[in-house]
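Please look through the sequence and the model below before reading on.

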Amino acid sequence: MDEELHCQEREGISRGRSDSMRATVLLVNFKDKQKLREIQMVLMTLKVKVRLVEPEEYYKTIGELVGIVETQSESDDDESIVLAKEMIVFAGLAEQQLNQVLFLMRKKVIGPVDYKAVLTDTNQSWTIPELYRELEREHEAIMAQKK
């Protein structure tokens with residue numbers, strides 16, 4: 001399993017979630033349209049709901065974006081963030097289903113997705129920029145350990 005995904009998985013993740021919500025994947029900051037289409041095809045084949053997260057939605061919580069928390073009032077935060085890398089967030093997938101998605105993405109040689117996370121009780125209240133920054137920190141820590 002990918003290292004960044006493993007870091008998020010330690011928190012206790014999707015074990016019980018798959019029963020209470022439909023498997024959903026958030027796709028964030030995908031600029032390569034071919035890669036995006038290939039990922040969408042893999043997910044649709046496995047009957048996983050796909051949600052493309054637009055920049056104007058970045059300040060909604062992850063829970064709101066996957067539909068487990070009712071939409072709250074929009075943030076008054078005018079701070080705009082530019083994400084440099086792609087991010088994928090898995091929500092409500094059983095472990096076997098998650099492994100299938102990752103296997104098929106590798107098999108189809110889709111190419112790496114920079115940051116991957118699984119919905120947790122902790123990160124469901126985070127916004128896209130908050131999760132992105134956490135994954136960035138984890139990635140830097142992993143790279144520092146490898147040196």
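This is a predicted model: local features need pLDDT of at least 70, side-chain atom pairs count only at pLDDT 80 or more; totals for chains, interfaces and linings use all residues.

**Overall fold**

- The protein has 6 helices and 4 strands, where helices (H or I, at least four residues) and strands (E, at least two) are DSSP runs numbered from the N terminus.
- Read along the sequence, these elements follow the pattern α-α-β-α-β-α-β-α-β-α.
- Of the 147 residues in the protein, 45% are buried; buried means under 20% relative accessible area, exposed means over 50%, and partly exposed lies in between, with a 1.4 Å probe and protein chains only.
- Among the contacts in the protein with a separation of 6 or more, 81% are between residues 24 or more positions apart, contact meaning heavy atoms within 4.5 Å.

- Leaving aside neighbours within four places in sequence, Lys-35 is in contact with Phe-30, Glu-86, Ile-110, Gly-111, Pro-112 and Val-113.
- The C-alpha atoms of Lys-35 and Met-105 are separated by 10.0 Å, although these residues are 70 residues apart along the chain.
- H3 and helix H5 (residues 95–107) pack at an angle of about 140° with their axes 10 Å apart, the axes being lines fitted to C-alpha atoms, for helices over the stretch in contact, and the angles running from 0 to 180 degrees between N-to-C directions.
- That angle makes H3 oblique to H5, since angles under 35 degrees count as roughly parallel, over 145 as roughly antiparallel, 65 to 115 as roughly perpendicular and the rest as oblique.
- This contact is made by Ile-39, Val-42 and Leu-43 of H3 together with Val-101, Leu-104 and Met-105 of H5.

- Helix H6 (residues 128–146) has 19 residues and should span 27 Å at 1.5 Å a residue, which agrees with the 27 Å between its end C-alpha atoms; the expected span of a helix is 1.5 Å times one less than its number of residues.
- The buried residues of H6 are Ile-128, Pro-129, Leu-131, Tyr-132, Leu-135, Glu-138, His-139 and Ile-142.
- The count comes to 1 aromatic pair, by a rule in which rings of Phe, Tyr and Trp (its six-membered ring) pair if their centres lie within 6.5 Å, with planes under 30 degrees apart counted as stacked, over 60 as edge-to-face and the rest as tilted.
- Tyr-115 and Tyr-132 form this edge-to-face pair, at 5.2 Å centre to centre and with 80° between the planes.
- Because Tyr-115 lies in strand E4 (residues 115–118) and Tyr-132 in helix H6, the pair ties together parts that are 17 residues apart in sequence.
- Both Tyr-115 and Tyr-132 are buried.

**Val-66 in helix H4**

- Val-66 lies in helix H4 (residues 62–66), and its relative accessible area of 7% means that Val-66 is buried.
- Apart from neighbours within four places in sequence, Val-66 is in contact with Met-21, Thr-24, Leu-26, Ala-91 and Leu-119.
- Val-66 and Gln-124 are 58 residues apart in sequence, yet they are 9.0 Å apart in space, C-alpha to C-alpha.

**Two loop residues with positive phi**

- Most residues other than glycine have a negative phi, and most peptide bonds are trans.
- Asn-29, in the loop between strand E1 (24–28) and H3, has a positive phi near 65°, and at 13% relative accessibility Asn-29 counts as buried.
- Lys-47, in the loop between helix H3 (33–45) and strand E2 (49–53), has a positive phi near 60°, and at 66% relative accessibility Lys-47 counts as exposed.
- The C-alpha atoms of Lys-47 and Ala-23 are separated by 8.2 Å, with the two residues 24 residues apart along the chain.

Conventions: Residues are numbered from 1 along each chain as its sequence is written. Side-chain values use heavy atoms; hydrogens and water are left out.
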